[in-house]
Amino acid sequence: MQNTKRTFLKQSAVAFASLGLVPIASASSTSTSNSSQNALRDLTSSVKPISSFERLERIKKAQKLMSIYDINALVLEPGASMTYFSDLKWWRSERLTSVVIPREGNCFVVCPEFEVPTIQESINSDIAVVAWNEHQSPYKALAQHLKSVGVVKGNIGFEESVRYFVFEGIMNELPSMNHVSADPVTQGCRMFKSKNELQLMRKANEITLAAYNYVYSNLEEGMTGKDIKSLMNSAQTQLGGDGVWSMALSNESSALPHGTKKPQILKKGSIILMDSGCNVHEYRSDISRTFVFGEPSNRHRKIWNTVRKGQDIVFKTAQIGVLATNVDDAVRSFYESEGFGPGYATPGLSHRTGHGIGMEIHEEINFVHGEKTKLKAGMCFSNEPGIYIPGEFGVRIEDCIYLTEGGPQYFTNPPKSIEEPLGTIGPEII
């Protein structure tokens with residue numbers, strides 16, 4: 001073993017402090033009751049949310065794309081795309097609240113009359129409010145406003161998550177219009193991140209990585225998966241993350257990519273697979289780490305090293321102009337040469353090699369076989385080519401990347417070895 005956990009933690013003290021926490025000397029000798037003594041501090045003061053100006057620029061870009069794809073108006077329901085363009089964070093119910101972007105002019109929000117004051121607190125002044133009362137049709141109100149701004153025919157685009165009854169209600173009021181997918185517009189905007197978006201994603205990843213450092217130094221024999229998740233979520237929250245989540249799988253359960261309901265108890269020699277993330281001003285992190293509580297076996301080390309090589313292959317292959325399928329295919333070719341697979345069969349990599357990420361944890365496009373989209377600057381992906389051995393254990397190491405004109409960059413640098421399994425924060429985005 002190159003370094004013991006105790007030696008690693010001692011050497012990492014300075015790095016831990018820079019991430020907003022103070023490490024505890026040994027996971028095997030520390031009581032979790034001492035966890036509160038660690039200085040977990042908010043790391044988000046250096047970043048700012050997306051400005052109203054940037055949201056208006058997004059709308060202008062959407063309208064340019066609407067001209068290219070011949071879409072006269074675009075309909076959004078509450079969710080990431082609505083927030084992306086309007087900063088309106090709302091919920092879905094039987095009462096329609098919708099943001100509509102016409103090809104020309106200002107966008108508008110359709111909402112219940114009694115919600116107008118609350119809606120106006122969130123939206124930019126350039127967004128009009130079209131209200132409807134309980135005895136009125138929200139779809140008619142939407143259609144009438146579109147007609148008042150000159151949209152009476154042509155194509156109306158629906159964002160992919162719009163519910164069927166909303167789609168049907170609107171189309172019944174607009175019989176002269178044709179419905180089309182809004183994906184070329186919404187994805188054409190959201191898929192390519194600005195510097196501000198990348199900075200927020202880097203901060204979210206910094207928080208999650210700092211929380212991993214904290215959890216790793218506070219593991220104790222006898223902990224359950226629930227204990228570890230609670231520790232991780234608490235740490236991310238104290239470090240400034242919102243919408244925190246985590247998964248902790250140990251022993252044979254780590255061979256199941258999304259876990260099991262079976263109880264899991266941490267013991268000496270247990271392998272632990274964790275997947276965790278949070279958001280900062282709506283932008284997400286997603287990091288997986290796999291480590292051993294105690295001494296890793298040669299089998300653990302071999303599989304862990306194979307997965308890290310898989311990550312390196314992803315990073316090397318994910319260049320501007322490359323088809324997304326090539327990234328996934330390159331990893332599977334390597335894994336097959338090591339005796340795993342073939343394809344998506346286990347023992348091996350049973351899921352896609354990576355997914356798009358931004359305001360949502362899973363966005364288009366994916367590193368998956370058959371995906372013919374070419375990679376472009378501004379795209380962001382997870383890099384997570386795991387190996388799962390049913391009945392034995394699994395290893396997943398996941399770090400997210402963003403593409404520049406010069407190639408991929410990491411938000412968090414992957415770990416060096418199973419003895420030093422945490423990694424470091426990536427370069428500043430300036």
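These exercises, with worked solutions, concern helices and backbone details in a predicted model.

**Exercise 1**

Find how helices α9 and α10 are arranged relative to each other, and which residues form their contact.

*Solution.* Start with the two elements: α9 covers residues 195-216, and α10 covers residues 225-238. Angles over 145 degrees would count as roughly antiparallel, and 65 to 115 as roughly perpendicular. The pair is therefore classed as oblique. Next, take the handedness: the crossing of α9 with α10 is right-handed. Then list the contact. From α9 come Ile207, Thr208, Ala211, Tyr212, Tyr214 and Val215, and from α10 come Ile228, Leu231, Met232, Ala235 and Gln236. Sorted by class, these give nine nonpolar and two polar residues, with no charged ones.

**Exercise 2**

Compare the span of α9 with its expected value, then decide whether the helix is largely enclosed or largely open.

*Solution.* Helix α9 has 22 residues. From first C-alpha to last it reaches 31 Å, close to the 32 Å expected at 1.5 Å a residue. For the second part, use the cut-off for buried, which is under 20% relative accessible area. Of the 22 residues of α9, 19 are buried, so the rest of the structure largely encloses this helix.

**Exercise 3**

Describe the packing of α3 with α8, and sort the residues of their contact by class.

*Solution.* Helix α3 spans residues 52-68 and helix α8 spans residues 183-190. The angle between them is about 140°, and their axes are 9 Å apart. This angle makes α3 oblique to α8. The two helices cross in a right-handed sense. On the α3 side the residues are Arg58, Lys61, Ala62, Leu65 and Met66, which meet Pro184, Val185, Gly188 and Cys189 of α8. The contact divides into six nonpolar residues, one polar and two charged.

**Exercise 4**

State the span of α12, list its buried residues, and name the elements that these residues pack against.

*Solution.* Helix α12 runs over residues 324-337, 14 residues in total. The distance from its first C-alpha to its last is 21 Å, close to the expected 20 Å. Its buried residues are Ala324, Thr325, Val327, Asp328, Val331, Arg332, Phe334 and Tyr335. In an α-helix there are 3.6 residues a turn, so residues three or four places apart point the same way. The buried residues of α12 pack against α11 (298-317), β12 (363-367) and β14 (387-389). After the helix comes Gly339, with a positive phi near 95°.

**Exercise 5**

Locate the cis peptide bonds from Thr346 to Pro347 and from Glu364 to Ile365.

*Solution.* The bond from Thr346 to Pro347 has omega near 0°. Pro347 sits in the loop between α12 and β11 (354-356). The bond from Glu364 to Ile365 also has omega near 0°. Ile365 belongs to strand β12.

**Exercise 6**

*Solution.* Asn251 lies in the loop between β7 (242-250) and β8 (270-280). Glu282 is in the loop between β8 and β9 (283-284).

Conventions
Residues are numbered from 1 along each chain as its sequence is written. This is a predicted model: local features need pLDDT of at least 70, side-chain atom pairs count only at pLDDT 80 or more; totals for chains, interfaces and linings use all residues. Side-chain values use heavy atoms; hydrogens and water are left out. Axes are lines fitted to C-alpha atoms, for helices over the stretch in contact, and angles run from 0 to 180 degrees between N-to-C directions. Helices (H or I, at least four residues) and strands (E, at least two) are DSSP runs, numbered from the N terminus. Angles under 35 degrees count as roughly parallel, over 145 as roughly antiparallel, 65 to 115 as roughly perpendicular and the rest as oblique. A crossing is left-handed if the near helix is turned anticlockwise from the far one by less than a right angle, and right-handed if clockwise. Contact means heavy atoms within 4.5 Å. Ala, Val, Leu, Ile, Met, Phe, Trp, Tyr, Cys and Pro count as nonpolar, Asp, Glu, Lys and Arg as charged, and the others, Gly among them, as polar. The expected span of a helix is 1.5 Å times one less than its number of residues. Buried means under 20% relative accessible area, exposed over 50%, partly exposed in between (1.4 Å probe, protein chains only).
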